[in-house]
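Please look over the structure below before reading on. The report then takes up its main features in turn.

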Amino acid sequence: MQHTETAKLPWYKKTNWPNALFLVGTPLAAFTLTPIHVSLHGLSSGLVIFFFSYAMITNLAVTAGYHRLFAHRSYDVSPVIKWLYLIVGAGAVQGSVLQWASDHRRHHREVDTYADPYSIKRGFFFAHIGWLFVKDDPIYKDKFSPDLLADKAILWQHEHYYPLAMFMSFGFPTLVGWAMGNPWGGLIIGGILRIVFTQHCTFFINSLCHMIGNQPYNDKNSAKDNFFMALFTCGEGYHNFHHRFASDYRNGVRWWQWDPTKWWIQSLAFLGLAYRLKRVSSWEILRARMAQQQKQLLSRGVPAETINARKTKIETAQARMRALKEDYGKLKASMQAQSRRRLLQLKAELKVAKLEFRMARAQWGAYFKTFKAVPAVSTAGY
Ligand SMILES: [Zn+2]
Ligand SMILES: [Zn+2]
């Protein structure tokens, strides 16, 4: 489907000028002001640490917040964490959650078609940054998902996005720089340079992760797993898995895969600040992998019968394993029920025994009192 309405407009009318000026202006400012500032004032270790940590934090607010929480609802969080995502995430200058998550859901739904807002089929430049230079088709204007619109916190961020983004992206780094005795350094390194760095890391997911990498889970769309990109994007580089199982809170699904966003969410869950983490079953994931590997084996000339025989063996073993697991679960539950019943029975019996003991004890007391007054009979001489 063409973006017909927008496509008809002359270039200067279809250009999204605020976006274009910001996306061209910030790298120009960063690459001229950074060397000037460093040559005049040097580069303190505090500023370098602030650059990387604030880049990581704002990036995480996008990956764990904007992406995995708001766009995909792959887990739930406490209100404190939700507000942190909304406030800190604005510092990445990637738009409001309402706009970002709506665009991203469309990307998943319409991937590789003309309706995909950052379709790789329109070239690397368009998918990377070009799509932000042009106005979206009017049919998508203010078309936001109802669940996002129903969230008052998300609406608040959308309405206050510009002042919030300006403060979090420029004001806050300047204040941190000022606290370190170098407000200009804070603004240039922690503000402008960091924005360019984090923005392009995210942009590379839309461009490179739809071009370079492998497809272990699905080849029905262009999404690729790319370890190198995962390093720079808190784990978002495992994009092939993500497009196949978008509701899973993990992107790097295997334990050794570099996915700090997954570890962050797990840590929140450990602290009781995140819950209802969605996971696709490991069997579903294995089946997707096997389907892809089967295609590769077939393309290498391995006979279909050999592959199917081995596949059936795995499926039979898995079915048996699942049946045994179910039996085990049922038996465990019934044993627990039996034990619970026995426990209640013992409790009741104990209560009766205690009562009997108290009564017998009382009878003994009464009996003793009755005969206390009776003179003792001497037993001496017996
Ligand atoms: Zn994608
Ligand atoms: Zn996604």
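## Overall shape

This is a predicted model. The protein holds 16 helices and two strands. Its C-alpha trace spans about 130 × 70 × 40 Å along the principal axes. The radius of gyration is 33 Å, whereas a compact globule of 382 residues would come near 21 Å.

Buried residues account for 43% of the 382 residues.

## Zinc site

Which residues hold the zinc ion (ligand 2)? The donors are His67, His72, His104, His108 and His242, each through NE2, at 1.9 to 2.2 Å. Their spacing in sequence reads H-x4-H-x31-H-x3-H-x133-H. Histidine 67 sits in helix α4 and histidine 104 in helix α6, so this pair ties together parts 37 residues apart in sequence. Histidine 67 and histidine 104 are both buried.

## Salt bridges around Arg68

The count of salt bridges is ten. Arg68, Glu236 and Asp259 form a linked network of them.

Take glutamate 236 and arginine 68: their side chains meet at 2.6 Å, N to O. Glutamate 236 belongs to the loop between α12 (227-232) and α13 (239-244), while arginine 68 belongs to helix α4 (residues 45-71), so the bridge ties together parts that are 168 residues apart in sequence. Aspartate 259 also meets arginine 68 in a salt bridge, at 3.0 Å, N to O. Aspartate 259 lies in the loop between α13 and α14 (260-270) and arginine 68 in helix α4, so here the parts tied together are 191 residues apart in sequence.

Aspartate 103 and arginine 106 form another salt bridge, at 4.0 Å, N to O. Both residues lie in helix α6 (residues 97-109). They are three residues apart, about one turn of the helix. Aspartate 103 and arginine 106 are both buried.

Helix α6 also carries histidine 104, which lies in it and is a donor to the zinc ion (ligand 2).

## The largest pocket

How much space lies in the largest pocket? The volume is about 1400 Å³. Its lining has 50 residues, and those nearest the centre are Asn16, Asn19, Gln99, Asp103 and Leu132.

Several helices supply at least two lining residues each: α1 (4-7), α3 (17-41), α4, α6, α7 (124-133), α10 (161-179) and α11 (183-206). By class, the lining has 22 nonpolar, 19 polar and nine charged residues.

## Two positive phi angles

Aspartate 112 has a phi near 70°, a positive value in a residue other than glycine. This aspartate is in the loop between α6 and α7. Why does aspartate 112 count as buried? Its relative accessibility is 17%, and buried means under 20%.

Cysteine 234 is a second case, with phi near 55°, again positive in a residue other than glycine. Cysteine 234 lies in the loop between α12 and α13, where glutamate 236 is also found. At 6% relative accessibility, cysteine 234 counts as buried.

Conventions: Residues numbered from 1 in each chain as written. Chains lettered and ligands numbered in written order. Predicted model: local features only at pLDDT ≥ 70, side-chain atom pairs only at ≥ 80, totals over all residues. Heavy atoms only, no water. Helix = DSSP H or I, 4+ residues; strand = E, 2+ residues; numbered from the N terminus. Buried < 20%, exposed > 50% of the residue type's maximum accessible area, 1.4 Å probe, protein only. Donors = N, O, S within 2.8 Å, 3.2 Å for Na, K, Ca; no water. 1 Å grid on protein atoms, 1.4 Å probe; cavity = no way out; pocket = protein on both sides within 12 Å on 5 of 7 lines; lining within 4 Å. Points joined across faces, edges and corners; volume = space filled by probe spheres on them. Nonpolar A, V, L, I, M, F, W, Y, C, P; charged D, E, K, R; others polar. Rg over C-alpha atoms; globule rule 2.2 N^0.38 Å.
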